[in-house]
Structures are given as structure tokens and as C-alpha cells.
Amino acid sequence: MNAPVEQKETSDALGEGTEVDRIRLMPLALANKIAAGEVVQRPASAVKELIENALDAGATRIDVVLQDAGSTLIQVTDNGSGMSETDARMAVKRHATSKIRSVEDLESISTLGFRGEALASIASVSHFDIRTGQDEEHAAFQLRLEGGEEVDGLPAPPIRGTSVSVRNLYFNVPARRNFLKRPQTELKHILDAVQVLALAHPNVAFSIEHDGNTLLSVEDEDGDMLRAAAARMAALLPVGSPEDLIRVGESTSYLSVEGFLGHPDTARRTRGLQFLFVNGRWVKNRYLEHAVHAAYEYLLPEGAYPFFALFLNIDPRHVDVNVHPTKSEVKFDDERGVYGMLRAVVGKALGTTLGSPDFSRAKPLSGLDLGFSSSGSSSSATEEHPGRGLPPSGSRPLQGGNPALDALLGGSGAGSGRPSLSSDRVSDASRSLYEGARRTETLQAGSLGPTASNATSGLGEEGLLWQLHDTYILTQILSGLVIIDQQMAHERILYEQAKACLKDGFGLSQQLLFPRTIEFSASEYALLEGLMPDLAKLGFDIEPFGGNSVIVRGVPADISAGDERSVLDEIVDQYRAFERVEGLSGRENLARSMARRGAVRAGIPLSPREMRSLIDQLFQCETPYASPDGRPTMIRMSGNELRERFDRK
Ligand code: ADP
Ligand code: MG
């Protein structure tokens, strides 16, 4: 492929059909109109494409004028390079672009546009007027088209830059025109589209005028990119002043990540303030957003979404932006690597700024090494399990009393054997645990003394249970002590419950008083549809409801009504993350996703009753000693080990 090829405008030459052969090439005008459906889905898409063209042309000032939320007029004026008359005529033809010339160019795109279809598409469904000039001395050129057909092309007074006016969008596609949402909605889409472009290009001035009112106006910020970006963010978004933002900056030979994070305290209930840019292009990528969430893992309460605006720069050869006509989706050749780095970089920035938040609630245990580091989860293992970014279930009480406790306590085992992770001696282990927890008087020599137990327990009848840093449950056992990771433990419990439901199909369901319809993206829907039979077993009562929506009539008993949407979102998110990172599929994935989603997180205070119940249920599990992904749920320290550490003879 070489320079753009001039296309035939007439339809006849394209398909001279006979009686037998019925397939014809489409008339060009029709092809453009169909493409317009993809590229110009709504006025906001036209605004986006026109602004991207202006940015590609090197503009430093872009002014947008709208009437009737863009349906009557969209005008975008820039001070960029402008075009010659020939180029202007060329520009409105399909697949005409100055930006790539070869297949190789497609591998390394650095401009926002490259498909050469925006202007042709927009022009085919509007009254289109482009005025463009390259300097202030020579005449500019004005070209008018209606429904893609040239009406006239005339000289115009000199200007440097380009002004495109799109009037009566979809005038010749009534179906599409009728499909437009309320003007406020379309206007909001336009503002959102301009906002991300303005965030990504802080060194360009932007303005939007709608029906005579100025809705947005920002001057070009100077100085280095990151400082300019912070100033631009502060100007456009409710994120406080630039000093309140946490700065991120890190680079490797493969990728650089720069930008800003919001303080966890400023997190919101929606994802509206989360922006990822790849090589200057705003992209939507749930998977990478997840990486950022995962880094915030202990810092955020349920359903809270932090602000972030992160600029990823990567050699264009490692990223494919040509996945979708609107170019808002990208693919990396090493998506996992990008995930890992993003998570690490964000985690580091948060850690540096905020200290070690998950341990900030309690005073550190001075000098006492409880051997947490020997828990066996190496940092690389943690990297393998990125699913932690989802909102926790909060301090929702664990269900179930502890009727099993007495049963478990029925026998009085010595509990001397140290259970290994692969041990199936569940009853021995739990017996030993409860013996210790109840019978404070039977401490072996060398274990925690009575003073310590009085000081730490304060639980009276409940026995010795102490929540450490709102994360670990510490309890005394006959032979020493056990430290249980509350989240890992709860994940194990929920995982086994989900597995049992998936096997037997007896998930308890509660019917919603008002069934809810929920719309998903096409890909989310496709995934959800495949999961429906299994979701039903877990207690979801869901049916397809046309298009990409489902109707939810019932949810598992432990999910509160009103949370259906977020719960399903989270499951889908988590499922995808596990699919991509762990390569899990099917029921195993679903069970793990349910467990991840529902498990109580680190940092959540538990009542003694909740802790008790958690331990009870843990020891009813088939494999109580490991989380679903193989991390330990608990570590033990024997009396002997304590003795050795204290150098007791
Ligand atoms: P693409 O941006 O994918 O190349 P478009 O249809 O959006 O395709 O634009 C076609 C061509 O018109 C661009 O490649 C560019 O050369 C030219 N062009 C469009 N808008 C402008 C503008 N505002 N200033 C200068 N050149 C422009
Ligand atoms: Mg373009």
C-alpha cells in the first residue's frame, strides 16, 4: 500500500450486476454512511474526531461551538497547520489520510488519527463545511458538502488553521437522528469527550460554547508536561489543588508511567474520575484500571473509586490502537507486564506518600518478630494474584452462628501434632485450636503467660482472640499460637461454599421485590451470558432481557438488594482478571471470583463473635490451611519456637 488512492465516486462502476450474480460493491456514499454509524455514533464522536484532527495538526488552541447539543451545529476551529486546497478535497474522502502510508506505519502510530475515515464519515451524514488555510498571506479554501456530495469549493480570506462546521448531523439518517438521547445527555457526552482530550493535552487551550454560553475554557498550561497536567486537572476536575495529588513517575525501557493519584480519602462512589492515557490517547481498559485498584487494596472502603490520571508511554510498536474504530481500546503485546508494573508503580507512590496504611491503626509491636514474613507468600506470588482491587464486603457480619463449635470441641485431642498445609487432619487441628482458645489455664510452659492473655484478650467468655491490625486474628493454641489472615480465611470459606453450590445447585436465593434490568457492554454481556447457568446455581435469578441487558429477579441470600449491579460488575471484573492473569476458566474461576468479591478484607475490624464464627467455618472447610489460590490462611508458632526465640532453656 502506498499513498492514499483516489477513490471512484460513482457507484455504477463498482458493481455491474447480472441476473445470476447478486453481490455488488456498495456505492461509496452508502459505505461512508455505514462507516459513519461506527465512527460517528453520536455528536460527541464527531467532536472527538474533529478535535483529534486539530491536535494532530499541531494546534495550540481549539475552540468548539455547539448548538442544540451538537445536533444543529458542531464547529471546531483550530490554529494548526491547515491544508492546501488539494489536501482539503482529499481529506474528505474515505481512507484518505496524511498520517500513515504503509502497513509498517500502522505498527507505530503516533498520531491520534490514522484511519482516514472520520471526515468522510462525518461529511456523509451532515451539511459539512471546512475552511482551511496554511498562513495569513495566501487565500484559504472553503469546501462545502451535503451528505458527502461536494456543493462548492471556493477561495476564502487567509487564515492559518482549520475550521470545520458540521450542521444538521444525521439529516439524511433519520433513524440515527431519532436515536439521539436527550440534549443534556448528548451534551454530557460531548463534555466528557472534550474533557479527556483537554486532560491529555494540557499545553493546548480549549473552549466550548453551547447555545451562546461558555461551558469550558482553559488556557494552555506551560512548563513541563506533568506540572501542566496537574494544573489542567485542577482546572477541570473536582480533585482539589495540585498539591493534594499524589505524584507517580517511574519508567523502564518498556514503559513509563506518570501522572497523579487521589488521596484515598477523596475516593468517590463511581469510576467517573479515573483516566488512563496511552501515548497521549485516552483509553478505556478495565483490566489496567483494575491494576490501579489493586494497588489501593487496603486503603479504600467498599465501593470506593479513587481519582487517578495516569499517562503511560510505550513504544507504539508494543501497543495496538487499531482495535476499534473509535480507537478507545488498545491492546498491549505484554498486557500482564503492564498490569504488574502499573500496580507496582502505583503501590509504591501510595506507600511513599501514605506510609504503611494497613498497619497504621495499631501501634507496632516493638521488636517482636512474629514471623509474618515466613508466611510463604513471596512477592512474586502476590504479583500473580491481582484480583484484590475489588471493593470488599465491608464488615458485614459473617453468617452462621457456631453450632459446630461444641461438636468440634467434643473430643479433647492433645493437639500436639503440627498440621501441615496439606494435612487433612482437620479435626485434630481445630480441636487443638479450640482447646487453646477456651482453656487458658492449660498453657504449656513457654507459651504466652497469663499476664499477656489477660491484657490481650479482654474477651471473657469468648476466649483468647485478638485482632491484630484489623487484619490478622491471633489466637492461642495448646502448643503455641496461631495467626490467621482474616481475608485469606474468609476467601477459603466462601470459595468452598461457592464450589458446593456450583456442584449441587442449591445456592439460597432471595427474590427482589422490584426486579432490576441492568445493561452491560457487549463483551461483559457475552461473558455474563456464558456464566448464567452457574450464576443460577449460586442463587442469582437472572435472565437475558434483550440487547446487552439482563433482568435480575433474585440474588444470593447474602447479597443485599440494591447491590446487584455492583456485585455483577465485580464478578465480571474479577472473572476477567482471573481469566487473563491466572488462566483460570469456568467454575473454578467463578468460585474464586465469588470468594474474592465477598471476602472480608484486611483493615476491617471484626467483632469477637465474627472472629469466632470465621474460625469455626474455616475449620469446617476441606482445606482450611490454604486460600483458594494456595496462599496460607494461617501461620503457627509453636511453644518450642517461642522458647527458642527467647533463648529460654
Ligand atoms: P485521519 O485523522 O484518520 O487521518 P480524517 O478523516 O480525520 O482521517 O482526516 C483526514 C486527513 O485530513 C488527515 O489525515 C489530515 O491530513 C487532514 N486533516 C483533517 N483535519 C485537519 C485539521 N484540522 N488540520 C489539518 N489537517 C487536517
Ligand atoms: Mg482524524
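Okay, let's start with the largest nonpolar core: it has 62 residues, and Ile51, Phe128, Phe206, Met233 and Phe307 touch the most other members. By nonpolar core I mean buried Ala, Val, Leu, Ile, Met, Phe, Trp, Tyr and Cys residues joined through side-chain atoms within 4.5 Å, with buried meaning under 20% relative accessible area for a 1.4 Å probe, protein chains only. Helix H7, residues 183-200, gives the most to this core, 8 residues. Domain 1 (28-218) and domain 2 (225-357) both contribute, so the core lies between them; those bounds come from an automatic or database domain assignment.

Quick housekeeping. This is a predicted model, where local features need pLDDT of at least 70 and side-chain atom pairs count only at pLDDT 80 or more, while totals for chains, interfaces and linings use all residues. Residues are numbered from 1 along each chain as its sequence is written, and side-chain values use heavy atoms, without hydrogens or water.

Back to Met233. Leaving out residues up to four places away in sequence, Met233 touches Leu199, Val239, Leu245, Phe260, Phe307, Ala309 and Phe311, where contact means heavy atoms within 4.5 Å. Apart from this core lies another, of 35 residues, including Leu276 and Val581.

Now the sheet. Three strands form an open, antiparallel sheet in the order S19-S21-S20; strands are DSSP runs of E, at least two residues, and helices are runs of H or I, at least four. Two strands pair if DSSP finds at least two bridges between them, and here 4 bridges join S20 to S21. Asp541 stands opposite Gly554 in S21.

Notes. Chains lettered and ligands numbered in written order. Buried < 20%, exposed > 50% of the residue type's maximum accessible area, 1.4 Å probe, protein only.
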